[in-house]
Amino acid sequence: VASSHTVSLEDGSTPFQVCSDDVSSGQELLGSAVTLAANNKVGEVEASKHYEISFVLNLKSTPSGWHSVMRFTLGGNNGKEGDRMPALFVRSGDPKLYIRSSRQGSMNDGCDPQLPPLNQDTTILIRVAGGEMNVFYNGTNVCKNAKYATPTVVTQPLLVYAGDPWYASAPATVAHLTYTPLP
């Protein structure tokens, strides 16, 4: 039995429906909530140039400076394509969730939607497919970048961190983290 959900854009339109028949089986990396911690490796995934990442984020605050939420990486911070596939950050004084993901021609492009509400569970979906990166909070599109016609292609597994080795971790929990390759 296929499951599906309709995706809504900020303008109320519904450009597509996500159906489990349209995607490969996702790899669950986390089930129950985990408090973010620096250098907290939670697994590895086989990279796909088109993918979805879904998870539940509960951000407690935005402390001073840049803080890591999670990162999918070949192993580096920000020196080459594949270091951020994607990487997610928060920082003080700027109420945004920074989602940076390599694509051909830019190793640090992405989407920067407003932060989800603090101290609440928010289901986040990041989708790189069809030449775009789209970010959804609880099913509503909150950011779109149409510069992903040529996403980075890597052949090695990506390391996955809930709080990466290069930045202090954000005061948050992450649950139900799943990586799904798309056709």
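Okay, let's begin with the part to be careful about. Residues 13-23 keep a pLDDT under 50, and for that stretch the model has 31 contacts beyond four places in sequence. Keep in mind that this is a predicted model. For the protein chain as a whole, the mean pLDDT is 88, with 87% of residues at 70 or more. Residues 1-11 are another stretch with pLDDT below 50, and there the model has 32 contacts beyond near neighbours in sequence.

The largest nonpolar core is made of 37 residues. Among those with the most contacts inside it you'll find Phe55, Val69, Phe72 and Leu97, and also Val174 and Leu177. Which strand gives the most to this core? That's β6, residues 51-59, with five residues.

Setting aside residues up to four places away in sequence, Leu97 touches Val69, Leu88, Phe89 and Val90, then a run from Cys111 through Asp112, Pro113 and Gln114 to Leu115, plus Ile124 and Tyr137.

Now, Asp109. You'll see Asp109 in strand β10, which covers residues 106-111. So is Asp109 buried or exposed? Its relative accessibility is 10%, and the cut-off for buried is under 20%, so Asp109 counts as buried. Who does Asp109 contact, leaving out neighbours within four places in sequence? Ile99, Arg100, Ser101 and Arg103 on one list, and Asn145, Lys147 and Tyr148 as well. With Arg103, the side chains make a polar contact of 2.5 Å. And Tyr98, eleven residues away in sequence, has its C-alpha 9.8 Å from that of Asp109.

How values were computed. Residues numbered from 1 in each chain as written. Predicted model: local features only at pLDDT ≥ 70, side-chain atom pairs only at ≥ 80, totals over all residues. Heavy atoms only, no water. pLDDT = per-residue confidence, 0-100. Contact = heavy atoms within 4.5 Å. Helix = DSSP H or I, 4+ residues; strand = E, 2+ residues; numbered from the N terminus. Buried < 20%, exposed > 50% of the residue type's maximum accessible area, 1.4 Å probe, protein only. Polar contact = N/O pair within 3.5 Å; in protein donor to acceptor, adjacent residues only side chain to side chain. Core = buried A, V, L, I, M, F, W, Y, C linked by side-chain atoms within 4.5 Å.
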